[in-house]
Amino acid sequence: MTAVIPSLSEPAIRPFAIPNYRRQWAADLGTSCAFEIETLALAWYVLIETGSVVLMAAIASLQFLGTLISPLLGALSDRHGQRNTMLAMRLFYTTVAAVLLLFAHMHWLTPWLALGFATLSGLIRPSDMGMRNVVTSGIVPRSLMLPAIGLSRMTVDLARMGGALTGAALMATMGLAWAYVIVVALYATSAFFTWSLRMDRPALHADSHTVFGQFQAALRSVRGAPAQTATMIMAFLVNFSAYPFVTGLLPYVAKERFGMDEFGLGLLIAITATGSITSSILLSRIRLPNPAKTMLCFSIVWHVLIVSFALTETLPLAFGLIYLAGVAQNLCMIPMAAFLLGNVAPSLRGSVIGLRSMAVYGLPVGLMVSGYVLNHGVAFWMLAMAFACIGITVTVFMWLKYRRHWQPAAND
């Protein structure tokens, strides 16, 4: 379906001139808020019921469980329609949350059942962000892909700021069951907006007679395009060497380096998310002549800022640096997604983004390595320096090795 875009004076809101994009953005925001509220509510419930920090952390870790099946979901989306696959995913979230709500209301819920429900959601949830980008690429013209993905990414950061606070307030005042009433309502509303999308299904790839054939075609596409291969490597790299310092290691920073409580940790998370929102808005207002070069440059900037953040002992300066790290994060990740989607055949976008989702495994690997190193007495700044050296070295190597492959694709 070809989008007709009215003339707008503000480039930042041009994607919102497309009715399908407005519906999708609303669906993405509702789903992101539900994710945040659900994760916090379940983690708090398990902590209160068991007193186990390990089981509480398991709730968040189970979100990565389904990454291995992301390529399968991507292939299914290419064969059966990206909108249909996204709708099925969101109906699945709604069903799981509704069953948990029933168990909570009837007082049947136990911590182990809560972990089971988190496992079910974790089978699908890792694919959600990639599928959003794929649907966006089918809604907007290529000239608006970068700002559209940036604005879509902003829903995650807005939910990270507001959804967690809402979840905490609901748990404190009304309890788990009422928190899940809100979660089910958000998922159901998101499913409705996703159902209301009107999209043409892209033609099947010539070599993909089955889902497995679609997956093989995606693998051949990535192997045959050096720029795609390099972008996949970069995705794994930043998940391994940069993301841990703006996600899983922030509790350590708050408690051990600055002596802050939960409020201080929440402040660090909110400041990082604010930086990400800033860069999402910035990318919605400008046109990048070379997304690949932007991705590589801000990979280096991101790692440098992480080292600076690890070295500072002044809290206001730390706030400023973690804000800038949030800005650099999206200035690296959003051009990466736009470049990958803009340089792959529409019939393979879901499958290729499914493969890209597996790069998320770099994050738990990075967290495990950093946790092991910190437990053995290595200073936080030394850990940050080591990870930054790895990240910057690989980034520079990627540019030197693949720059002639990246350049034409970025300028076409």
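Which residues of α17 are buried? They are G362, L363, P364, G366, S370 and L374. This is a predicted model. The chain holds 18 helices and zero strands. Of its 412 residues, 53% are buried. Among contacts with a separation of 6 or more, 85% join residues 24 or more positions apart.

**Helix α17**

- Helix α17 covers residues 362-375, which is 14 residues.
- From first C-alpha to last, α17 reaches 20 Å. That is close to the 20 Å expected at 1.5 Å a residue.

**Helix α1 and its contact with α5**

- Helix α1 has 32 residues and runs over residues 19-50.
- The span of α1 is 47 Å from its first C-alpha to its last, close to the 46 Å expected at 1.5 Å a residue.
- Just after α1 comes G51, with a positive phi of about 70°.
- Two packed helices are described by the angle between their axes and the distance between the axes.
- For α1 and α5 (residues 111-122), the axes come within 10 Å and cross at roughly 155°. Angles over 145 degrees count as roughly antiparallel, so α1 is roughly antiparallel to α5.
- The crossing of α1 past α5 is left-handed.
- On the α1 side, the contact uses E38, L42, Y45, V46, E49 and T50. On the α5 side, it uses P111, A114, A118 and S121.
- By class, the residues of this α1 and α5 contact are six nonpolar, two polar and two charged.

**Helix α4 and its contact with α6**

- Helix α4 spans residues 82-105, and helix α6 spans residues 128-139.
- Their axes come within 10 Å and cross at roughly 145°.
- The crossing of α4 past α6 is left-handed.
- From α4, the contact takes in Q82, T85, M86, M89, R90 and Y93. Their partners in α6 are D128, M131, R132, V134 and V135.
- The residues of this α4 and α6 contact divide into six nonpolar, two polar and three charged.

**The loop between α4 and α5**

- H107 lies in the loop between α4 and α5.
- The phi of H107 is near 60°. That is a positive value in a residue other than glycine.
- Is H107 buried or exposed? H107 counts as exposed because its relative accessibility is 73%, and the cut-off for exposed is over 50%.

- G130 is found in helix α6. G130 is buried because its relative accessible area is 10%, and buried means under 20%.
- How many residues apart in sequence are G130 and R356? They are 226 residues apart, yet 8.0 Å apart in space, C-alpha to C-alpha.
- P291 is found in helix α14, which covers residues 291-311. P291 counts as buried because its relative accessibility is 13%.
- P291 and A338 are 47 residues apart in sequence. In space, P291 and A338 are 7.5 Å apart, C-alpha to C-alpha.

Terms used
Residues are numbered from 1 along each chain as its sequence is written. This is a predicted model: local features need pLDDT of at least 70, side-chain atom pairs count only at pLDDT 80 or more; totals for chains, interfaces and linings use all residues. Side-chain values use heavy atoms; hydrogens and water are left out. Axes are lines fitted to C-alpha atoms, for helices over the stretch in contact, and angles run from 0 to 180 degrees between N-to-C directions. Helices (H or I, at least four residues) and strands (E, at least two) are DSSP runs, numbered from the N terminus. A crossing is left-handed if the near helix is turned anticlockwise from the far one by less than a right angle, and right-handed if clockwise. Contact means heavy atoms within 4.5 Å. Ala, Val, Leu, Ile, Met, Phe, Trp, Tyr, Cys and Pro count as nonpolar, Asp, Glu, Lys and Arg as charged, and the others, Gly among them, as polar. Angles under 35 degrees count as roughly parallel, over 145 as roughly antiparallel, 65 to 115 as roughly perpendicular and the rest as oblique. Buried means under 20% relative accessible area, exposed over 50%, partly exposed in between (1.4 Å probe, protein chains only). The expected span of a helix is 1.5 Å times one less than its number of residues.
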